[in-house]
Amino acid sequence: MHRCMQMPQPLKTDLQAKAVVRASTSLLKVSADVQKLYSDPYIKNRKGIFEYILGGSVDTKLLDIRVFDEATKKLVYAAQTGQAQTNEESNCPLCALGHDANKHKIWKLAEMDADHVAAWSKGGATALKNCQMLCKTHNRAKGNK
Ligand SMILES: [Zn+2]
């Protein structure tokens, strides 16, 4: 009697089957998320995408994102506005340099946009120290880098 014919593997328990389904579902989700992030032009560090997703999609530093987050904008806005009020000039540094009515204008946060001091396209980081708030007009004039 030869024993070369192996018996088929015993059926997986229901629990195991469910775990397999769960694993492949989350793999599908991961690859969909990766696809989405890969096609996002605002993400600079593509190599960080997998690490970001596998880490639960929380550590955005891994992505080196091209847009400033709200917390950064608020911090920079508050610092700039405080400084501007002390100097009695506009909190948009470019308006403050000008000679028109906006020279002393204090813009609201919603009227301003974050700008990369060193252009993002030239390797300027999306980090607090590379962020300045400009009024929307000046931000547009500077070009959306
Ligand atoms: Zn301005």
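**View 1. Phe68 and its contacts.** Looking past residues up to four places away in sequence, Phe68 touches Lys73, Ala114, Thr126 and Cys131 (contact: C-beta atoms, placed from the backbone, within 7 Å). This is a predicted model, so local features need pLDDT of at least 70 and side-chain atom pairs count only at pLDDT 80 or more, while totals for chains, interfaces and linings use all residues. Residues are numbered from 1 along each chain as its sequence is written. Phe68 sits in the loop between α2 (49-54) and α3 (helices are DSSP runs of H or I, at least four residues, and strands are runs of E, at least two, numbered from the N terminus). With 22 other C-beta atoms within 10 Å, Phe68 is buried (buried means 20 or more such atoms, exposed 12 or fewer, partly exposed in between, with C-beta atoms placed from the backbone). Its C-alpha is 9.7 Å from that of Asn130, 62 residues apart along the chain.

View 2. Helix α3 (residues 70-87) has 18 residues and spans 25 Å from first C-alpha to last, close to the expected 26 Å (1.5 Å times one less than the number of residues). Val76, Tyr77, Gln80 and Ala84 are its buried residues. They share one side of α3, because they cover an arc of only 105° around the axis (taken from the directions from the helix axis to the C-beta atoms). Their cover includes α4 (93-97), β1 (112-116) and β2 (131-135). Turned away from that buried side are the exposed Ala71, Gly82, Gln85 and Thr86.

View 3. Glu88 isn't a glycine, yet has a positive phi of about 50°. Glu88 lies in the loop between α3 and α4, and is exposed, with 10 other C-beta atoms within 10 Å.

Methods
Two residues are in contact if their C-beta atoms, placed from the backbone, lie within 7 Å.
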